[in-house]
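Notebook open, model loaded. I'm jotting down the contacts as I look them up.

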Amino acid sequence: MSQTDVKVPAPQDAAGTGNAPEPAPPAPARAPRLYALDVLRVVAALSVLLFHFTGVDAATEANWGINPKALFPSIFPYTSYGSYGVQLFFIISGFVICLSAWGRTPGQFVRARFLRLFPAYWFSVVLAVLVWRGLPDGEREAPSFSESLTNLTMVQTPLSARHLVGAYWTLWVELTFYLVFLLVIWKGLDYVRVSVFCWLWLLASVLVQKDEIPLVGIFAQPLNTALFVSGIAMYLMYRFGPDLKLWGLLAAGWLVMQGDLVQHADHVRDEQGMDRSPYVALALVTVFYLIVLAVALHKFDRLEAKWLTTAGALVYPLYLLHEELGWAMIRKLYGGGHLGAWATLAVTTAVLIVLAWLVHRFVERPSQRWLRNRLAKESGRRTEPVRG
């Protein structure tokens, strides 16, 4: 008889009734660290930061007091495309969430995502309120007290509340991805289930364009869905090796992505006056595809540097903190006549990186540790047998 055929007697409780609680599921094995993805995270975060500070003429003119296109003529043609770092984030997210969720139960997945997202986010919400109240820009009305409280939920988008920080909009997109992906985790992740899920989700994102099923539009936006699906397809290549079905899924994701990306870029150029070429944007996102694909095909497996782990860990707090706080610093340093434009940009970026490290070291890690231990204790308490 093989080892898998051995029948183990059911555990007994103190009364010998055989109703002892089931043991907690084993902790999943730690996913391998892909240092190349840490590099890409850093690139994406810095590109979004530079886009906000130097690449948006209309939105940042009020903070600098002058169009940044005139302040930074040498980098503006490049940083104006920095917003596409968000698309890189979404591709990486599809890859990494599939990587980290493999072998987890739904409960383990939800707890891991909660611990990853909320401690640093709550700190950033509190800091954003302080910035809005203590360092107002005079051009915009501060979000209301109720809107500020709503931001603590991270679901301010469906609740029609204003974001305290503009970059928060991507967090709702991530949450919808987690909620949808939770369905397939519930059944258990394997090659077939994940592949079928990707095809169905991608198809739903296309059909929703007809507005026949508006609720699906919340969870299946074509551009974002295509990016997440593409990241998942590349993870499946990383785990199982490429095959024709996965190449087809990746191609379908890219085709859906490019159509929506070009339409959106056309709209931004024509309606908002942003001087960007839709096809340069498409070429840039396609390069992102190719780099993550190289990771999936194990081309960067030899890349290993421990400091990249720390750099990657700073990306999330930096992304959360940089926008409103950075603009407030720019108004004080440059608008107050203390520093020139380039010095202001350098000092602001350096301070934000240091602050991101402080938040990671003294807020994120301790709070995650405390919450993890507390949740584990409460989970153990609920599985104890009832004495009577």
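Started with Phe95. Leaving out residues up to four places away in sequence, I find Phe95 touching Leu34, Leu37, Gly231, Ile232, Met234, Tyr235, Tyr238, Val292, Val295 and Ala296. Contact here means heavy atoms within 4.5 Å.

Ground rules before I go on. This is a predicted model, where local features need pLDDT of at least 70 and side-chain atom pairs count only at pLDDT 80 or more, while totals for chains, interfaces and linings use all residues. Residues are numbered from 1 along each chain as its sequence is written, and side-chain values use heavy atoms, with hydrogens and water left out.

Which residues touch the most other members of the largest nonpolar core? Phe95 and Phe181 do, out of 106 residues in that core. I take a nonpolar core as a set of buried Ala, Val, Leu, Ile, Met, Phe, Trp, Tyr and Cys residues joined through side-chain atoms within 4.5 Å. Buried is under 20% relative accessible area, exposed is over 50%, and partly exposed is in between (1.4 Å probe, protein chains only).

H5 (residues 85-101) packs on H11 (residues 222-240) at about 45°, axes 7 Å apart. That makes H5 oblique to H11. For angles, under 35 degrees is roughly parallel, over 145 roughly antiparallel, 65 to 115 roughly perpendicular, and the rest oblique. Axes are lines fitted to C-alpha atoms, for helices over the stretch in contact, with angles from 0 to 180 degrees between N-to-C directions. Helices themselves are DSSP runs (H or I, at least four residues), numbered from the N terminus.

On the H5 side I noted Phe95 again, with Phe90, Ile91 and Leu99 among the others; the H11 partners include Leu227, Phe228, Ile232 and Tyr235. The residues of this contact split into 12 nonpolar, 5 polar and no charged. Ala, Val, Leu, Ile, Met, Phe, Trp, Tyr, Cys and Pro count as nonpolar, Asp, Glu, Lys and Arg as charged, and the others, Gly among them, as polar.

H11 has another partner to log. H9 (residues 191-207) packs on H11 at about 165°, axes 9 Å apart. So H9 is roughly antiparallel to H11. Trp201 and Leu202 are among the H9 residues here, and Val229 and Leu236 among those of H11. I get 13 nonpolar, 3 polar and no charged for this one.

Last stop, Met237, also in H11. Is Met237 buried or exposed? Buried, at a relative accessible area of 1%. Met237 touches Pro242, Leu246, Trp247, Leu250, Leu293 and Ala296, again not counting residues up to four places away in sequence.

Key
Helix = DSSP H or I, 4+ residues; strand = E, 2+ residues; numbered from the N terminus.
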